[in-house]
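This report describes side-chain contacts, taking aromatic rings and then charged groups in turn. Please keep the sequence and the coordinates at hand while reading.

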Amino acid sequence: MSEPAGASPSSPRHRERAAAAWAAEALGLQQVDLRPVSGDASFRRYFRLQAAGRSLILMDAPPEREDSRPFIDIDARLRAAGLLAPAILRFDLEKGFGLLEDFGDTLYRDVLDEQSADDLFPGLFDVLHGLATRVVTDGLPEYDPQLLQTELDLFADWYLQRHRQRPLAGDERLLWVEVCELLIESARRQPQVFVHKDFHSCNLLQTPAGPGLIDFQDGVRGPLSYDFASLLWDRYLPWPRDRLEQWMLEIRPHIAPGIVAAEWIRCCDWMGLQRNLKIAGIFARLHYRDQKVGYLEMIPRFYGYLLDVLRRYPQFNDFLRLLEQPECAP
């Protein structure tokens with residue numbers, strides 16, 4: 001099919017053709033056939049191709065939309081730490097095209113369940129230990145109070161105000177400030193380590209060499225419990241509370257030996273609150289601003305996570321009552 005007259009050079013179809021031509025030239029081939037693999041909540045797209053009997057991934061990251069330098073930088077940090085991030089065969093930052101090692105299609109989302117979790121989680125805990133102890137964080141952005149607050153405000157601005165049409169008013173604004181201060185203080189009191197920022201079952205691939213890491217380009221230096229909380233409160237895999245606390249206690253000697261058990265559980269819970277408030281806001285923004293489909297339907301699960309944890313801490317009783325109001329609930 002020919003390109004529509006006047007099509008933009010940045011249109012998806014035009015970029016796919018340009019990506020195929022770039023990959024063929026990079027690999028010394030006359031042509032390559034691209035097969036879509038997946039997209040994500042960003043403007044990146046991924047394709048699979050075959051070259052000399054080997055499967056590769058082509059990343060399409062339009063440079064006017066996506067800065068791929070952090071991806072390249074963090075990929076090198078992860079690999080230097082002995083973690084399984086994809087080898088980058090070639091990357092053209094000007095064009096926004098990259099050729100990457102192919103980790104296959106077996107997401108942890110598809111293999112983790114009630115029966116397999118106890119076999120698979122120890123390997124993921126090993127990865128979390130490596131992220132926290134071996135990845136060099138020099139020069140990375142800080143997960144500082146301003147960034148934590150900006151993320152929290154997504155909930156008030158995009159979920160409550162835009163999606164539920166329920167803006168905070170009067171004393172509710174003061175309550176929101178108090179909640180944010182508690183969560184930010186808790187995050188900043190923790191040891192600050194490398195944070196993947198999206199460590200969950202859709203960004204982990206099961207490979208013969210171990211768990212493969214993807215979608216790490218937003219990595220920062222931040223709270224120790226963040227990636228662990230991302231794994232526990234997953235978009236597809238809800239776990240019972242006793243299982244969550246079991247895993248919190250299992251991983252503590254490995255990544256948080258200096259934090260007593262009860263405090264570690266609280267750190268994880270409160271970090272999960274910060275992340276899940278942010279996620280509800282991000283999913284609303286993806287729907288209304290970016291016209292991404294399928295995200296509003298996932299908000300109720302994260303809202304349920306919020307209510308479950310808020311009920312466990314009397315510090316949040318007033319905020320819990322607010323979120324339990326019918327006009328606030330999904």
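## Aromatic rings

In this predicted model, a cluster linked by ring pairs takes in Phe121, Phe125, Phe228, Trp239, Trp247 and Trp264. The structure as a whole holds 19 aromatic pairs. One of them joins tryptophan 239 to tryptophan 247 in an edge-to-face arrangement, with 5.1 Å from centre to centre and 90 degrees between the planes; tryptophan 239 and tryptophan 247 are both buried.

Phenylalanine 283 and tyrosine 295 form another aromatic pair, this one tilted, with a centre-to-centre distance of 5.2 Å and 55 degrees between the planes. Because phenylalanine 283 belongs to helix H9 (residues 261-288) while tyrosine 295 lies in the loop between H9 and helix H10 (299-310), the pair ties together parts that are twelve residues apart in sequence. Both phenylalanine 283 and tyrosine 295 are buried.

Side chains of opposite charge can pair when their charged atoms come close. The structure holds 28 salt bridges, among them one between the side chains of arginine 45 and aspartate 60, at 3.1 Å from N to O. Arginine 45 is in strand E2 (residues 45-51) and aspartate 60 is in strand E3 (residues 54-60), so this contact ties together parts that are 15 residues apart in sequence. The two partners are described by separate accessibility values: arginine 45 counts as partly exposed at 22% relative accessibility, whereas aspartate 60, at 1%, counts as buried.

A salt bridge also joins the side chains of arginine 48 and aspartate 105, with an N to O distance of 3.0 Å. Since arginine 48 lies in strand E2 and aspartate 105 in the loop between strand E5 (97-101) and helix H3 (108-111), the pair ties together parts that are 57 residues apart in sequence. Arginine 48 has a relative accessibility of 8% and therefore counts as buried, the cut-off being under 20%.

## Further charged contacts

Arginine 312 and aspartate 308 meet through their side chains in a salt bridge of 3.1 Å, N to O. Here arginine 312 is partly exposed, with a relative accessible area of 36%, and aspartate 308 is partly exposed as well, with 29%. Elsewhere, salt bridges with shared partners join Glu185, Arg189, Glu263 and Arg266 into one network.

Arginine 266 also has an aromatic contact, in that its charged end sits over the ring of tryptophan 270, 4.4 Å from the ring's centre. Arginine 65, in turn, lies over the face of phenylalanine 43, at 4.3 Å from the ring centre.

Terms used
Residues numbered from 1 in each chain as written. Predicted model: local features only at pLDDT ≥ 70, side-chain atom pairs only at ≥ 80, totals over all residues. Heavy atoms only, no water. Salt bridge = Lys/Arg side-chain N within 4 Å of Asp/Glu carboxyl O. Helix = DSSP H or I, 4+ residues; strand = E, 2+ residues; numbered from the N terminus. Buried < 20%, exposed > 50% of the residue type's maximum accessible area, 1.4 Å probe, protein only. Phe/Tyr/Trp six-rings, centres within 6.5 Å; stacked < 30°, edge-to-face > 60°. Lys NZ or Arg CZ within 6 Å of the ring centre and 35° of its normal.
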